[in-house]
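Please keep the structure open while reading.

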Amino acid sequence: MTALEVRNLHKRYGRHVAVEDVSFTVEEGEIFGVIGPNGAGKTTTVECIAGLRTPDSGAISVLGLDPIRDRAEVRERLGVQLQESGFPDAITVAEALELYSSYYRNPADWRELVELLGLADKRDTRYKALSGGQKQRLSIALALVGGPRIAILDELTTGLDPQARRDTWNLIARVRDTGVTILLVTHFMDEAERLSDRIAVIDGGRVAAVDTPAALIAQANAVQRVRFRVRQPLDGRVLTGLPDVTDVQITEGRWTVTGSGQLLSSVAGALARAQVVAEDLRVDRHGLDDAFEAFTGRAPESPEPLQKEG
Amino acid sequence: MSALTKTIEVETRLFLRDSATVGFGVLFPTGLLLALSAIPALREPSPETGGLRSIDVWAPTALVFGMVMIAVQHIPVVIATYRERGVLRRLSTTPAHPRTILLAQMIVAFASVVVSAALMILVAWAVLGISPPTRLLEFVVAFTVGYAALLGLGMISAAVVRTSGAANQIGTLLFVALMFFGGAFLPRVLMPDLLREAGEYIPPGLQALTAAWSPEAGEITATAGGQPFWLQIAIMAGMAVVAGGIAAKLFRWE
C-alpha cells in the first residue's frame, strides 16, 4: 500500500525555483531515503509534505490525504523531525514528551519511547544539558510521540560524532520494525545506503534517479578496484583480456585491477585458471558516493567528524 | 489533558525556572518599595501632600515596574527565542497550532503580574501601612486594561524583531521610556504638568492606577488639564486593541 505520494511537485520562492519537478512514491513500511546536495530542494519537498508550505503545482498525498486541505488529519498521522527545530532550554525530556503527547488524539506511550530511544535515565534532564546525540534522540521521540504512521526525519545525524551516528542508525531500524514508514532526508551517502530500502536522488530540484541502493550503484556502473600480490610470475594479459577489466597497474609487486561489473569473480577466476595464488587480496568496493557523483555530476559532502554542541 | 492546559502547566514551570524574570518581574517591585521606605524622609507625612507620605504616593510606580518588566521585556524575548529556535515552526507540524503556546505565554505572564501586584500590595499594607486599593473595582480594571496596553506594545516588539537579542534591546529601550513616565526616575509629583499629562496616555496609565488605589494620592498627582478616570481607561483600552491588531498583522511564525 502507498504511504506517501509526491507527483510533479513544483515550488518557487520569488524567482528562485526550489523544487522544479519532484515525483516519488513511498510504500508502507519502507525506509525511503531522499539524498541530494545542499540546496537540491530536499527540505522544501519535506516542508510541502509536512504542510508547512503550499506547493505552486503538483500533488501530494499522505495516506490518501492532502497536507494542506486535510491539514488536521495529516498532522495526526505524520510525525516530523525538522532540521533546525528546537525546544526551550529549560524544558525537561519528560515535560517535552508529555507536552507533545497532549497535542495528539491517540498518542503513543512516551515512557516506552523513552526506553526505546535510550533516554530513560535522562527523563528529568533539561534540554540544554543534553548532548547533541541525546537532543537528536529526543527530537526523534517527539516525532513519534503522536503514534504516527509515517515519520519524516530530516538531516538527523548532522553534527553528531561517528558513534552517535551509528547509534542513531540502529534506532531508525528499530523504529521501522515497529511498523512506521520512514522518509529519511540526508546528504550523507553512507547513511542513506545503510538504512534505505529505496532512495531518490534529488538534484537541482528534480529527481535524478529512484531505486534500491544496490541498483543505484549498479546503474551508475561504479568503478571497482581489486588489489593483490602474487608470489608466482603472472602475465598481465591474463587480466587485460577480461571483458570487465579496463586497466591493470603493477607497482612494487602490487597489482591493481580496475574495472566494472563482476570484477572480483572475473579476476579470481582468471587467477585460478593461471594457477596463481593471490595474497593480500582487497576490493575497493565503491558505493553510493560514486553513484551519487554519476547522477549529479558532483561529489557528495563528507560527514562532519566533530559533534557540535549548543 | 487538553493541549492548552498542558501548555500552560509547562510554561508555568519554565517561567518559574527563569530566576531573573521571577526576581525582577515578581519579587523586585516589593523589594524596591521596601528599600525606598528605609529612607526616613520618604516615610514622613508631609503637609504639602495632605498628610500623605512620599511612599504612599509612589507605591503604584513599583507596581508598574513589574508589569512593564513582564510585558515588554520577558514576553517578547521568550517569543523571539521560540521563533529563533524553531519552537514555533516545530509546533506547526503538530495538530496544535503555534498560537496555543503564545496564548499560554500570555496567560502565565498575566498570572505572574497578578501575583507580583498582590504580593506588593500585601507587603505594602502589612509592613508599611499603605492601605490596599480603595476603589477596588476601578483598580482591577485600570490594572488589567493598562497591562493589556503594555502587552500590546510587547507583542508588536515580539512580532517585528528577528532575534531574541533584538527583542532584548527593544525591551530595554521601552522599559526605560515607560518607566520614566511611570515615575521611576523622577516622581510624577515633581514632573512638569506637560509630562504628567503625557503620562496619562503612556501604558499602563499610572494616573488611573494611582487614583484607583488611593483617591488622595490621585489628587496630588493629577493635573488641572488631566482627563477623567474612565476616559483614561478608554484610551488605554483603545491602545491595547490597536497595538494587539498591529502585532497580529505583523506577526511572523518563522
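## Helices 1 and 2 of chain B

In this predicted model, helix 1 (residues 3-17) of chain B packs against helix 2 of chain B at an angle of about 80°, and their axes are 5 Å apart. Angles of 65 to 115 degrees count as roughly perpendicular, so helix 1 of chain B is roughly perpendicular to helix 2 of chain B.

Which residues of the two helices meet? Helix 1 of chain B contributes B:Phe15, B:Leu16 and B:Arg17, while helix 2 of chain B contributes B:Ser19, B:Thr21, B:Val22 and B:Val26. Sorted by class, the residues of this contact between helix 1 and helix 2 of chain B are four nonpolar, two polar and one charged.

## Helices 2 and 6 of chain B

Helix 2 (residues 19-37) of chain B also packs with helix 6 (residues 99-128) of chain B: their axes come within 8 Å and cross at roughly 25°. This angle makes helix 2 of chain B roughly parallel to helix 6 of chain B. The crossing of helix 2 of chain B past helix 6 of chain B is right-handed.

On the side of helix 2 of chain B, the contact residues include B:Gly25, B:Val26, B:Leu33 and B:Ser37. On the side of helix 6 of chain B they include B:Ser112, B:Leu119, B:Met120 and B:Leu128. The contact of helix 2 of chain B with helix 6 of chain B has twelve nonpolar residues, five polar residues and no charged ones. B:Val26 is listed in the contact of helix 2 with helix 1 of chain B and again in the contact of helix 2 with helix 6 of chain B.

## Helices 7 and 10 of chain B

Helix 7 (residues 136-160) of chain B and helix 10 (residues 206-213) of chain B have axes that come within 8 Å and cross at roughly 160°. Because of this angle, helix 7 of chain B is roughly antiparallel to helix 10 of chain B. Helix 7 of chain B passes helix 10 of chain B in a left-handed crossing.

From helix 7 of chain B, B:Glu138, B:Phe139, B:Ala142 and B:Phe143 meet B:Ala208, B:Leu209, B:Ala212 and B:Trp213 of helix 10 of chain B. The residues of this contact between helix 7 and helix 10 of chain B are seven nonpolar, no polar and one charged.

## The interface of chains A and B

How many residues of chain A are in contact with chain B? The count is 28 residues of chain A, in contact with 22 residues of chain B. Together, chain A and chain B bury about 2300 Å², of which 55% is on carbon and sulfur atoms. In chain A, the residues that lose the most area to chain B are A:Arg75, A:Glu95 and A:Tyr103, with 24% of what that side buries.

Five salt bridges are found across the interface of chain A and chain B. A:Asp89 forms a salt bridge with B:Arg85, in which the closest N and O atoms are 3.1 Å apart.

## Details of the backbone

B:Pro203 and B:Pro204 are joined by a cis peptide bond, with omega about 5°. B:Pro204 lies in the loop between helix 9 (193-199) and helix 10 of chain B.

In chain A, A:Glu252 is not a glycine, yet its phi is positive, at about 50°. A:Glu252 is found in the loop between strand 11 (245-251) and strand 12 (254-259) of chain A.

Notes:
Residues are numbered from 1 along each chain as its sequence is written. Chains are lettered from A and ligands numbered from 1 in the order in which they are written. This is a predicted model: local features need pLDDT of at least 70, side-chain atom pairs count only at pLDDT 80 or more; totals for chains, interfaces and linings use all residues. Side-chain values use heavy atoms; hydrogens and water are left out. Axes are lines fitted to C-alpha atoms, for helices over the stretch in contact, and angles run from 0 to 180 degrees between N-to-C directions. Helices (H or I, at least four residues) and strands (E, at least two) are DSSP runs, numbered from the N terminus. Angles under 35 degrees count as roughly parallel, over 145 as roughly antiparallel, 65 to 115 as roughly perpendicular and the rest as oblique. A crossing is left-handed if the near helix is turned anticlockwise from the far one by less than a right angle, and right-handed if clockwise. Contact means heavy atoms within 4.5 Å. Ala, Val, Leu, Ile, Met, Phe, Trp, Tyr, Cys and Pro count as nonpolar, Asp, Glu, Lys and Arg as charged, and the others, Gly among them, as polar. Buried area is the accessible area (1.4 Å probe) that two parts lose on being put together, summed over both. A salt bridge is a side-chain nitrogen of Lys or Arg within 4 Å of a carboxyl oxygen of Asp or Glu.
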